[in-house]
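Good morning, colleagues. I would like to take you briefly through one model.

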Amino acid sequence: MRVVETTFPEVPAGGLGRRRGHAPPATTTATATLAIPLDGLTLTAPQPEMLSQKNVESVTGIPARVFLDTIRRLGFPLPVTRLGKLRLVQREAFITYLQALAGDPAPRRAAAEDERTGVAAVLAAVGLEPVRQPRAGRASAPSGGAKYGRLPPK
């Protein structure tokens with residue numbers, strides 16, 4: 001740090017107390033010039049109010065394609081403003097929506113259960129019942145080198 005100008009008023013021997021006939025001391029000022037390298041500064045702009053496919057990656061880290069697929073999904077709960085090809089969503093509402101998705105997997109499980117229940121109801125309506133089977137591992141060729149599958153013998 002380099003001091004450019006410094007002004008110090010003279011202080012009477014008796015201190016700074018006010019005496020009759022004397023004016024109060026002048027204000028002390030100091031001026032300095034600092035040399036700060038540009039890489040030492042960080043400028044931060046305020047977050048945008050609206051997210052679009054152009055700025056969503058810099059704000060949330062989500063690629064533009066994932067953002068567009070998310071807002072086009074059936075049942076997306078937030079309002080989407082369309083300006084030509086640009087799609088805009090309020091930033092705070094979108095971030096809240098993402099946090100709700102990350103923190104609450106129960107609705108997805110409930111939807112899968114509803115689907116199974118719905119399938120069971122359709123099968124029951126035609127006189128059938130669902131059969132649970134163990135999950136198969138990786139798909140592989142049938143044993144015995146057969147090229148085509150066949151029905152098991154009755």
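I shall speak about the salt bridges, then a surface patch, then the pocket.

This is a predicted model, in which local features need pLDDT of at least 70 and side-chain atom pairs count only at pLDDT 80 or more, while totals for chains, interfaces and linings use all residues. Residues are numbered from 1 along each chain as its sequence is written, and side-chain values use heavy atoms, with hydrogens and water left out.

A search of the whole structure finds two salt bridges (a side-chain nitrogen of Lys or Arg within 4 Å of a carboxyl oxygen of Asp or Glu). One joins D69 and R65, at 3.6 Å from N to O. These residues are about one helical turn apart, because they sit four residues from each other in helix 2, residues 64–72. In the other, the closest N and O atoms of E92 and R91 are 2.8 Å apart. R91 is buried, at 13% relative accessible area, whereas E92 is partly exposed, at 49% (buried means under 20%, exposed over 50%, partly exposed in between, with a 1.4 Å probe and protein chains only).

Turning to the surface, L34, I36, L38 and L41 form a nonpolar patch. L34 counts as exposed, since its relative accessibility is 56%.

Finally, which residues line the largest pocket? They are R116, V119, A120, P130, V131 and R132; a pocket here is an open set of points on a 1 Å grid over the protein atoms alone, where a 1.4 Å probe fits, with protein on both sides within 12 Å along at least five of seven lines, and lining residues have an atom within 4 Å of a point.

Key. Patches are made of residues with over 30% relative accessible area and no salt bridge: like charges are joined within 9 Å, nonpolar side chains (Val, Leu, Ile, Met, Phe, Trp, Tyr) within 5 Å. Accessible areas come from the Shrake-Rupley method with a 1.4 Å probe; for residues, only the protein chains shown count as cover. Helices (H or I, at least four residues) and strands (E, at least two) are DSSP runs, numbered from the N terminus.
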